[in-house]
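Have the 3D view open while you read.

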Amino acid sequence: MKLHFLFLFISLLHVSQIKAEDLSVGWELWYPYQYHNEKHQLVGLDIDSFNAIMIEANLSFTTAEVPWNTHLNYLKAGKMDVAMGASWSKEREEYAYFSKPYRKETVRLFVRQGHAKNIHLESLSDLTGSQYKLGVESGYYYGKDYAELIKTEKFKSNISEVVDLEENVTLLMKGHLDGFLVDPNTMQSFVKKYRLQGEFEAHPLKVYSADIFIMLSKKSSDISTLHKINKAIDTLTNNGELQRISGNWKALQGDD
């Protein structure tokens, strides 16, 4: 009988250790990267890429929907382990490890259809002192130029910060904004979902283009986990799997 209880105790301890090793991963509604489909399955370009990386790295994880700003604070405090779809910044590197890049991201300025020719901006700095008002989403990274400019009150006065793309679109349609900054893939997915074809166009202004990473909390994760993830990214990059996943989602975005 004692042996039976001892075996049961060891078994429960083993299960507890397995669960403790699960990485806690946050996600936020972000088409076409992270969202629930009609079957309530968590899908998207980031989700598929992350799943492939975790399988290759032989790492287990659990997911929870968390607003991006809250997610970053959780990483900083060690209350959550991982964030996917992250841009690098000096501030974030103080509290998080960054993996090798697994995809690219571009940010463009979108305006009402036919209005791009009327908005005379050749660089973000031209926004300072202008009559234009541009929308951004709280907590998102828009590149080094934006990060420096937003520190100045003159530039900041031309920026409207909201929670999500839906709010920016609403403000633009009501005439409260001249445009907003967003990833073209996200914009394409939004337009398709809400059947808003022909309502918007991209402005020629170059805002930001850079690599996208996985972030790991320095308080709750370790270098060995980072090495496993980096090794998996190398493998999936070299065998073309990450490119295949990206290609599949681009093809889906192009469907009518």
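## A lysine and its surroundings

The side chain of Lys133 has a polar atom that sits 2.7 Å from the backbone oxygen of Ser157. Keep in mind that this is a predicted model.

So where do you find Lys133? Look in the loop that links strand S7 (103-112) and strand S8 (134-137). Lys133 has a relative accessibility of 31%, so it counts as partly exposed. Along the sequence, Lys133 and Asn158 are 25 residues apart, yet in space their C-alpha atoms are 4.8 Å apart. Leaving aside neighbours within four places in sequence, Lys133 is in contact with several residues, including Ile159, Ser160, His176 and Asp178.

Next stop: a serine. Ser221 is found in the loop between strand S11 (200-217) and helix H9 (223-238). Is Ser221 buried or exposed? Its relative accessible area is 12%, and buried means under 20%, so Ser221 is buried. Not counting residues up to four places away in sequence, Ser221 touches Asp81, Tyr97 and Leu216.

| Residue | Relative accessible area | Class |
|---|---|---|
| Lys133 | 31% | partly exposed |
| Ser221 | 12% | buried |

Finally, turn to a pair of helices. The axes of H7 (residues 165-173) and H8 (residues 184-193) come within 12 Å and cross at roughly 70 degrees. That's why H7 and H8 are described as roughly perpendicular to each other. H7 brings Leu165, Glu166 and Val169 to the contact, while H8 brings Thr186, Met187 and Phe190. Sorted by class, this contact has 4 nonpolar, 1 polar and 1 charged residues.

Conventions
Residues are numbered from 1 along each chain as its sequence is written. This is a predicted model: local features need pLDDT of at least 70, side-chain atom pairs count only at pLDDT 80 or more; totals for chains, interfaces and linings use all residues. Side-chain values use heavy atoms; hydrogens and water are left out. Axes are lines fitted to C-alpha atoms, for helices over the stretch in contact, and angles run from 0 to 180 degrees between N-to-C directions. Helices (H or I, at least four residues) and strands (E, at least two) are DSSP runs, numbered from the N terminus. Angles under 35 degrees count as roughly parallel, over 145 as roughly antiparallel, 65 to 115 as roughly perpendicular and the rest as oblique. Contact means heavy atoms within 4.5 Å. Ala, Val, Leu, Ile, Met, Phe, Trp, Tyr, Cys and Pro count as nonpolar, Asp, Glu, Lys and Arg as charged, and the others, Gly among them, as polar. Buried means under 20% relative accessible area, exposed over 50%, partly exposed in between (1.4 Å probe, protein chains only). A polar contact is a pair of N or O atoms within 3.5 Å; within protein, one must be able to donate a hydrogen and the other to accept it, and residues adjacent in sequence count only if both atoms are side-chain atoms.
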